[in-house]
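Good morning, and thank you for joining. Please look at the sequence and the structure as they come up, and then we shall turn to a single residue and its surroundings.

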Amino acid sequence: RPAEAEDRAVPGHWEGDLIIGKNCKSAVGTLVERTTRYVMLLHLPEGRDAHLVERAMRQTITALPGELARTITWDQGIEMSRHAQFTIATGIPVYFCDPHAPWQRGSNENTNGLLRQYLPKGTDLSAHSAADLARIAASLNNRPRKTLGFMKPSEKLADSLRTPLESAQSLWTAACDNFLYVFKGGSLRSPSATFGRCVGVRPLRADPPRDWSQMREVTRPDE
């Protein structure tokens, strides 16, 4: 895998596997993004043959923006034997773990464990519709994760899609809004508007007065 995939510096690198159902007769595909831990589930109602897995993964991954679909790392399972056709169709390279080395796609392994809360071992996974799997994925993507600093995968993914300007404005606004600035007359204003004026973005609040000597700083109470 590229170095940027190994150190999770750049989003768009995925790990995949299958969760197997009762008597190995049903399966659900899982894709987990390494940086954000965002999960997508592959609906496989007709089985887990290689052409079915390739088709489901292609339909799922091509719905993403290009910057979020860079590589996929998979287990050694034969369900990915059509990886060359997948790469030709999508332009996304597929890498494979070494034999007996599941830690090389540790995010996927950990997420599969969480998914077993929704898709227990020994159950028929074909009973779950595509809508069911979408609800399960949404539930997991909106669960705060310790490894993300208790952000949700959905929030982390949205943050990764921001432009540098949007990210800078968000950080500035968050820092400024840790304080309230109280002026004469009792009005509450924030200097976060200053950043918006400098970069040509509509201010979130009115600008502070020119006479900063009227200002005193108070900490916002916990909310």
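E15 lies in strand β1, which spans residues 13-20; strands here are DSSP runs of E with at least two residues, and helices are runs of H or I with at least four, both numbered from the N terminus. This is a predicted model, in which local features need pLDDT of at least 70, side-chain atom pairs count only at pLDDT 80 or more, and totals for chains, interfaces and linings use all residues. Residues are numbered from 1 along each chain as its sequence is written, and side-chain values use heavy atoms, with hydrogens and water left out.

Is E15 buried or exposed? E15 is buried because its relative accessible area is 0%; buried means under 20% and exposed over 50%, with partly exposed in between, using a 1.4 Å probe and protein chains only.

Setting aside residues up to four places away in sequence, E15 touches, among others, T30, L31, V32, T73 and N108, a contact being heavy atoms within 4.5 Å.

What does the side chain of E15 reach? With the side chain of R1, the side chain of E15 makes a polar contact at 3.4 Å. The backbone nitrogen of G106 is reached by the E15 side chain at 3.5 Å. A polar contact is a pair of N or O atoms within 3.5 Å; within protein, one must be able to donate a hydrogen and the other to accept it, and residues adjacent in sequence count only if both atoms are side-chain atoms.

Finally, the chain as a whole. Its secondary structure comprises 8 helices and 8 strands, and buried residues account for 37% of its 223 residues.
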